[in-house]
Amino acid sequence: MKLSKITEDIAEIAKEAGTFIKHEGSSFDKSKVELKGKSDLVSYVDKNAEKILVKGLRDILPEASFITEEKTVEQEESEYTWIIDPLDGTTNFVHGMPCYAVSVGLAKQKEVIAGVVYEINRHEVFSAWKAGGAYLNGKPINVSDAESIDDSLFSTGFPSHNFEKLDPYLAILNELMKNSHGLRRVGSAATDLAYVACGRYEGFFEYNLKAWDIAAGIILVQEAGGKVTDFKGGRDYLFGREIVAGGKVQPELLRVIQQHW
C-alpha cells in the first residue's frame, strides 16, 4: 500500500466534492435544510457530496469500509475504514459563512494513517500520511514552535448539545482568554486541526466531537510534528469525543484543561 499515492488520490476526490459544494453554495435555498438536532443541520448538499466521496474512495480501496456522517452507505467493520465528513461546517455553509471543509481520513484499525482536509473557500488542500509528513497544497508544513500560552492563539468549538460540562469549559476559556493571544471559533473542527498543523493556531481543543470531525485532522497535526491527546492525556481521541491538539504548547494547554475539567 503506497500511502503517498492514496493520499494524492483522496485529495482529488475531496476537491471534486468541494467543487460540487461550492457550486451549490452560490444558490443554496435555506428551506432545503433538515434538522438532525436543534443546531445540527444537514441538506442535500452534504448527502450528495458524501456520495461523491464514497464512490471515488471505493475505487481507491475497494476492501475498506466506511464511517460517514450522513450515513449514505452501510457501515461495516474491516481492517481499513474511510472516516468521512463531506461538509464539516454545515452551519457556516447554510448561513453563507466562508469556512467549511471536506474531511477524509483513512484508518487502519483505530489508527488514522492518511488524511485530507480541503478547505473549500480558500482552495487549500491539507494532506498527510503516516511517516510521510504533512502538506498544504503540496508544500511541507509544521506546527508552531511557540512554547508558552502567553505566545499562543488557540481555537475551540462551542458545545451545541450536552451542556453538562459547560461550567468547566467556560472556566478553561476564562483562563485562556486572560493569558493568551486569544481564542477563535471558526465552526469547522477539521479546519481548526489543519490550521494547527500549519502553525496558524498553537492549539485546538473541543469535546462532543465525532470521529468524522477530526480523523483527517489528527494525522495532519501528528505528521506536522504536533501532539494529539484526549483530555486525560491519553490516546482515546478518535472515538472518545474529546481532543487536545497542538505544537510545543500542547502539554501546557492540556494542563490548563485538566485543572478545570
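Biologist: Which residues lie nearest the centre of the second largest pocket, and how many residues line the pocket?

Modeller: This is a predicted model, in which local features need pLDDT of at least 70 and side-chain atom pairs count only at pLDDT 80 or more, while totals for chains, interfaces and linings use all residues. Residues are numbered from 1 along each chain as its sequence is written, and side-chain values use heavy atoms, leaving out hydrogens and water. The pocket is lined by 17 residues, with Lys110, Glu111, Gln222, Arg235 and Tyr237 nearest its centre. Helix α6 (211-223) and strands β6 (111-119) and β13 (227-229) each give two or more residues to this lining.

Biologist: What does α6 give to the lining?

Modeller: α6 gives the most, namely four residues.

Biologist: Which residues of α4 are called buried?

Modeller: Pro168, Tyr169, Ile172, Leu173 and Leu176 are buried (under 20% relative accessible area with a 1.4 Å probe, protein chains only; exposed means over 50%, and partly exposed in between).

Biologist: What makes these residues a face of α4?

Modeller: Seen down the axis of α4, the buried residues fall within an arc of 145°, so they line one face. The face turned away from them carries the exposed residues Asp167, Met177 and Lys178.

Notes
1 Å grid on protein atoms, 1.4 Å probe; cavity = no way out; pocket = protein on both sides within 12 Å on 5 of 7 lines; lining within 4 Å. Arc of directions from axis to C-beta.
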